[in-house]
Each structure stands twice: as structure tokens, then as C-alpha cells.
Amino acid sequence: MSEVGERLAAGAQAEGFPDLLYSDAERALADALRSLLGDRAAPATVLARTESAQTYDDGLWQALAADLGLAGLLIPERDGGAGASYREAAAAAETLGSFAAPVPYLGSAVVATAALLAAGAPVRGGLGPPPQAAPSAQPAQPAEPAGSSPRASTEAADLLRKMADGGVTVALAVPFATQPAPRGPAFPATVRLAGPRHGDTDSGVSRLRGTVTGVADALPAGLLLVPADGVPECLYLVDMAADGVSKAPLASLDMTRQLCDLWFDDAPGTLVASGQAAKRAVTAALAAGAAILAAEQVGLAQRCLDMTVSYARERRQFARPIGSFQALKHRMADLWVEIALARAAARYAAACLSSGDPDAPVAVAMAKAYCSQVAVHAAQECVQLHGGIGFTWEHPAHLYLKRAKADSLALGTPDAHRAALAGLVNLPGP
Amino acid sequence: MLKPEQVRERVRAFLAEHDPAAASRQDFLNARFDAGLAWVHYPEGLGGLGASRALQAVADAEFDAADAPGIDPDRNPIGRGMAAPTILAYGSDEQQRRWLRGIWTGEEVWCQLFSEPGAGSDLAALATRAASDGESWVVTGQKVWTSQAHLARWGLLLARTDPGVEKHAGLTYFACDMTAPGVEVRPLRQLTGEAEFNEVFLTEARIPDSDRIGPVGEGWKVANATLMSERVNIANARSGPRESGMIGPVAAAWRARPELRTPGLHDRLLALWTEAEVARLAGEMLRQQLAAGKPGPEGSAAKLVFARLNQEISAYEMELAAADGLRYDDWTMRRPERSSFFGRSPSFRYLRARGNSIEGGTSEILRNIIAERVLGLPSEPRQDKGVPWKDLPR
Ligand SMILES: Cc1cc2nc3c(=O)[nH]c(=O)nc-3n(C[C@H](O)[C@H](O)[C@H](O)COP(=O)(O)OP(=O)(O)OC[C@H]3O[C@@H](n4cnc5c(N)ncnc54)[C@H](O)[C@@H]3O)c2cc1C
């Protein structure tokens, strides 16, 4: 261990407080990522892609997966991934956020991966009655998978292995606006089990019916994890290419992370998790998503400030750089302060998720509430302090503004997360 | 590098030889300092073990567990937080040996003789004159807002030794013996009713050259070390577990008195609570950076946030207190022995917090520092560059 590392270990040990600093490994990952994105995700490239038919950059995603292992960062080494923690995942997200990179990292490598990792425990046997369709649905029974082995867990592991190298991209089919439990829905399912078709029981297939709106990172996904209502609730794996599955891209506020609506019309799904395990999987996925999105927001805010500062140093009005006007300097200084705080909040949330700290729900709610506001503030200041050029389509400021505002609404608004804190830290309302 | 267990063992060995109940408080603290268990990250021989700063908590916890007498953090904060790091960085070996022990134990209180009637934010413009007569310096001038001068044995003095050069270049740093002839301290009453600070008149006060800290003409550099420590110090005034700062009594009142709750106050409380907790995490991150030997410019940020949050939270607390907020605990003019932002009544806390954005560099000046030194933004056009101090317009 390095001397610094040793001192930190002593410090962490002495006080039991998570290490918030960036490790050498995290810094190296961020550096490598920055140089790759610098080549392949320059603002003009990102902007052009928002107006193309393929708003997600699959080539870039494959490169990030192959060169940096980003697709499998959180996946255990035994399942072919990098075995990294949420800390490294957050460091990567910060850099991706600073480029507004149009890749399904958050949806696949974080949210769907977290769901599968949490669902990884065996779910068959002993966990209550077999799943049934919701009362209002047609009588339906999910097909029992063949064999008696804990199929869901092996299935999850198989799937993780395919995701690890970017070969398969997976999205969790819930609206991007969904806040994690406890304040968000315990199980955000708008899809129900439908009656089985001939032969389903033998092939281990269940039928799903319903609509999910405004889903992030589902456009480039090959597979979907679909929460379905029933008794108990279940999480199914659905092939995007299967009959009965359709998707429609939405004109989204943030076209660097274009949303889509999903329809399931007796779509075939295979069971991944049921009952408590399914709930656990979805809750873990959304919480991880909110924490890592907070890190993205830090990266975005820092990038907006950096752009603004360098512009303010060069742009001259009244025969001096506009950055010498104190009214502007103080606004940039305030942003820098806010970002320092946001960074601490995001680092803490990632650290709590990494170690399974019981404070994680508080940490995630704080990080998402605070970082959302800072990112929006930074992007708005970026537009304002650039003047007219900042209001153009050509300048990248609007990409950041749209992403910042969209991200602040995603996975729970700041207000919703503060409301969650009220319950978590015992500050009840009137 | 020492490990936590080794520090723990040293404290236990020390306690085995020094019964906390038997010795006088001062003797016990002196011995603790001499054993290197005062501030463990200081060098050996100067109250430390050259250990990680993070291990301080380990040592303190051992002493606390043994019910040993400890230092009073609200007494001599300027000595411990500002004089000590400055002396450690710029003092001679002899000065370090002479002063650091008394600073840590609190036996000798220190104050900061920087601000003057004509030089506050523009500290480098100060006019207090120190002239050499060969062996010692003869100092004449006036200082203001000098916190704790009425308790102080020593003052950190910044004075002008050369009026003929640019303002930053003509300054020298001294330790001023507050008991010397020619040093007069008068209370200045604050808006809180009491007088934490004072004005200090220096009239041909003599300072031996052996009490000069750092080279002649390099006072500005030394003063900046003091100011940096001051900011970190103010910001860390209450670092501890969750809700340990100004938000603590507010959250407690909210929980205890449901009849005070309204939807509007609830929204604001949650926003303030979140910010206070995020600021605490940023403080932790700053401490970890210091412990890793990588101090960042975040100290100025922390002080800015600390001031704003204290002001907002204490203002909120008054509204929550409603009718009780109309009361004040005590307007008596006193010269307090200890200084704390967090004690007394909500209305005292509210009033005292107004000073947080003025003392130790105003929030406006801190924003300038962040903008120029951290972000590299150009300075405003200035009239004082290249002009000798004596020729500056006044
Ligand atoms: C409670 C308290 C305790 C103190 N204790 C001590 C102490 O122990 N020792 C000591 O030496 N001093 C002490 N001070 C003094 C303190 O450091 C000064 O008050 C402070 O630096 C401001 O100086 P000033 O009062 O002269 O105000 P000024 O510098 O005159 O400032 C007046 C206003 O103008 C603003 N301003 C000034 N220059 C600029 C600029 N360039 N850009 C934008 N705005 C500007 C300031 O922010 C402020 O709002 C203390 C002050 C307080 C309130």
C-alpha cells in the first residue's frame, strides 16, 4: 500500500468514516475515459448524434466496453466483469457526465446490473406461493421453469456474463422519473401477467401485457428487465426482438439520453426474480441509479463551470476580459463552492453503496437532491455567462442544460428526495 | 507511519505513568504535550509523534476514556488554530520550543493583531509601523476587532517595516508580548452586547528581534499561512457527527415540538438539513485531504458555506421559535473568557452568525480568492500595483 493509502486506511479505521477521496485506480479510470471520450465524444459529435436516427452511440459504447471494461464495471470477476465497486462506477459516471456521452452506461451497467446482482440470490422454493396474475387480469400462471435448480440466479449470472463485455445491453423497464423506495413505489409495475399460450409451460415462458412510458437507455437495449404486477410481483426478462414487444422513441428534453415508450402485448418473458427478491432488485437498481446519476451530475456541473471560466477569461467587453468583472467572478466562485459540496455528497453516496452502509438510503437521497440542483444551476449559469452564443444550437451549453434539467427530474426530483429524508432522518411533516 | 494501535499503546503507557487524578491539570497537560500526545501530527519534540492527523481522534478517545483532563477547545482557538501552524511553518526552533506547549495547553492565550481601522479586507495596506533600533523593534499603531486580546499573553502582529516599497513587500510578522509597556487593550462592544473583540493601541511598544517570525519584509507570506489556517479553523469549528453543528438544536426542536410545524417550515428545514449535512461531508473530505497531505483550496469554500449556513439556519431557528425568538438571553456588556458560535439562545446565535461572513476574511473577499487563485480569473483593474505604500491614495 502507498504511504498515502496507508495513512488513509489508518484514518478510515480510526474514525469509521468512509474514504471520500479518489483512489489511484479511480483516477486512472477517469483519465483513460476522458482521453477516449475526448477523441470520440467531442461536443460537435454529441450534438450531431442527437439529430441522427441512432441517438445512442453504439460504436462508442462498444469501445468503452472493450477498452475500459465499462459495461461490466460492477459485474463480479467470476461473471466476467471488472469486479469494481460503486466508487469506481461513480468515478466513471462523473467523466461520462462531463461529456454528456450518449451511451447506456447508467441504464445497463448500473441500473440493470444492480437489479440482476440483487436478484442473484435463489428465488425458487420457500419464498411463498407461486406467482399469479393480478386479480383483474385473466387467470394466468407464470410457467414453472424446467428443472428444480434455482434457475433465476443462474439466469441472472448468465445474463451478467453476456453484459460484461457489452455484447448485450439491458434496461430496466420503469419510467426514468421513478424515485427509489421507500418514498417511491415499492414495486413500479405497469405491466401485468397475461394468460399463457399453448406450450408456454414447457418452454418456461410467461406472457406480459401493458405499457411503460419514458424509459431511459431502453432504445439501444437488446433485453429488458420488466417488473410485472401479480401475486407475488415478479421481474421478467424480455427479448426486445420478441413478438409482442414494441418501442417508440420519444422527443425527449435530453436527446443525449433519449427516452422511449414500451408496449408489451402478450410478450414472452422468463422469470428472473419474484416476491421479495424482485422488489429488492428493483429498489437496489433505482437507488444505485440515483447515486450514480448524482456523480454524473457532478461531472456535468464541473464541465459547465470549466467551460464558463475559460470563456470568461477570453471574451472581452469594455476593453477587459468579462471574467474580471466581480459580479461574474462571484457567480463562478459560488458554483465552484457548490460543486465541491456536491462532489462530497456524491462520493459519500457511492461509498455507502459500496460498503453496504446502512446510511445508504440517506446518502442517496441527499446526493440526488443536492447534486440535481447544482447541475441545473451550473448549466443555467453556463448559458447566461456565454451570452448570445450560449443560446445557440451550435454551442454545447444547451446539451448540458437539457441533460441537467432532465436528470434533476429523473429517479426522483430534489423535492421528492428531501421528502424521503423526512422519513429517513425523523423530521416528520406537520 | 504509526498505526492506530501504536498510538493507543502510547497513550496507555503514558496514563500508566501519569495518573490523571493525581497531577494538577496544567502539569498533566504539560506532560501529555512532552510525550508527543498533544497534536499527534506535529513533529516529535513539539507535542507530536509525526503521525497521521487522522490518529488524533484515537489519542483523544483514549484520554477521554480515562477521564483525563483535556484542553478546552473554546479557549485559545486563535493560538491552537492559527498561531501554532504559523509558528510551526515559519518560527525558529527556539520559538517553536518556547511557544507551542503553552499554546496547546491553553496556558498562554494568543490573539491576532492584523486588522486596523484603515485596513480590513485590504489587510496589506496596514499602517502600524515597526522600526528597528538595532536590537529591537519599536511599534506604533492601532489594531481593531482583536478577538480575545483581553485574555491574550501574545499577539500575532503584522506591521509595516518598510513604507517605501509596494504594500505587500514592506510587511514583517512578529509575536507581540501583550504585557509589554505600550500595549493597551480596550474593549469594543459587539452587536451581541458583549465584547469578544477589542481595540489595541501600540505606543512605542518594544519587540525583541528574537520575537520576529520569518524574515524581515516577508510578513505577507507568513500572514497568509495564518489566514489559511483561520479559514479552515472557522469552518471546522464544529466538525463531528451528523447534526453536530447549528442544525442540531433546530432538528431537536422540530422533533420535540410538533405544534411548531407548518408545511413551509418543513420544506425549508429539509433543505437546510440537507445542505448542512452535505457541508459536513465536504468538511470530512477536506480533513481527509489534509490527512493525506494534499490540502486543497476547499478551506475557503468551507468557510464561505459555514458562514452562510450558520446565518440561514439561525435565522430559521428564530422563526421556528416564534414567540420565544422575541427574547434575548442577556445584553450585559461582558468580556467573555471563551468563544463559541453555538451556545446561548437562538437570538444570540442569530446575531453572532452575522459575524461569520466578516471575520477571517469577508465572504466577498473569499469569493475573490476562489475566483482568482482557484479558477484563475483575472483580477479587477487595480490602482495599487507598483506604487510604494507611502504614496498610495488614502
Ligand atoms: C467577530 C469578529 C471578530 C474579528 N476578529 C479579528 C481578530 O481577532 N483579529 C483581526 O485582525 N481582525 C478581526 N476581525 C476583523 C475582520 O477580519 C475584518 O472585519 C474583515 O477582514 C473586514 O474588514 P473591515 O471590517 O475593514 O471591512 P471592509 O474591508 O471595509 O469591508 C466592508 C465591506 O466591503 C466589502 N469589500 C471590501 N473590499 C472588497 C472587494 N475588493 N471586493 C468586494 N467587496 C469588498 C467587504 O466584503 C465588506 O462587505 C474580526 C471581525 C469580526 C466581525
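An oxygen atom of the ligand lies 2.7 Å from a polar backbone atom of B:Ser115. The protein covers 67% of the 970 Å² of accessible area that the ligand has on its own. The model described here is predicted.

**Ligand site**
- Residues from chains A and B surround the ligand, so the site is shared between chains.
- The ligand is surrounded by 18 residues, the closest being B:Ser115, B:Ser121, B:Trp145, B:Thr362 and B:Glu364.
- From chain A, a polar side-chain atom of A:Gln326 is 2.8 Å from a nitrogen atom of the ligand.
- In chain B, an N or O atom in the side chain of B:Asn368 lies 3.5 Å from a nitrogen atom of the ligand.
- Helix α11 (residues 363-374) of chain B gives the most to the shell around the ligand, with 3 residues.

**Helix α5 of chain B**
- The end C-alpha atoms of helix α5 (residues 93-105) are 19 Å apart, which agrees with the 18 Å that its 13 residues should span at 1.5 Å a residue.
- A kink of about 30 degrees in this helix is centred on B:Trp99, and B:Trp99 is also among the buried residues of α5(B).
- The buried residues of α5(B) pack against several elements of chain B, including α2 (25-34), α4 (77-90) and β1 (110-113).
- Just after α5(B), B:Gly106 adopts a positive phi of about 90 degrees.

**A:Leu385**
- A:Leu385 belongs to helix α11 (residues 360-386) of chain A.
- A:Leu385 counts as buried because its relative accessibility is 9%, under the 20% cut-off.
- Among the residues that A:Leu385 touches are A:Thr308, A:Tyr311 and A:Met332.
- A:Met332 is 53 residues from A:Leu385 along the chain, and their C-alpha atoms are separated by 9.4 Å.

Terms used
Residues are numbered from 1 along each chain as its sequence is written. Chains are lettered from A and ligands numbered from 1 in the order in which they are written. This is a predicted model: local features need pLDDT of at least 70, side-chain atom pairs count only at pLDDT 80 or more; totals for chains, interfaces and linings use all residues. Side-chain values use heavy atoms; hydrogens and water are left out. Helices (H or I, at least four residues) and strands (E, at least two) are DSSP runs, numbered from the N terminus. Buried means under 20% relative accessible area, exposed over 50%, partly exposed in between (1.4 Å probe, protein chains only). Contact means heavy atoms within 4.5 Å. The expected span of a helix is 1.5 Å times one less than its number of residues. The bend at a residue is the angle between axes fitted to the seven residues ending there and the seven starting there. A residue is near a molecule or strand if one of its heavy atoms lies within 4 Å of it. A polar contact is a pair of N or O atoms within 3.5 Å; within protein, one must be able to donate a hydrogen and the other to accept it, and residues adjacent in sequence count only if both atoms are side-chain atoms. Accessible areas come from the Shrake-Rupley method with a 1.4 Å probe; for residues, only the protein chains shown count as cover. Lists of a residue's contacts leave out its neighbours within four places in sequence.
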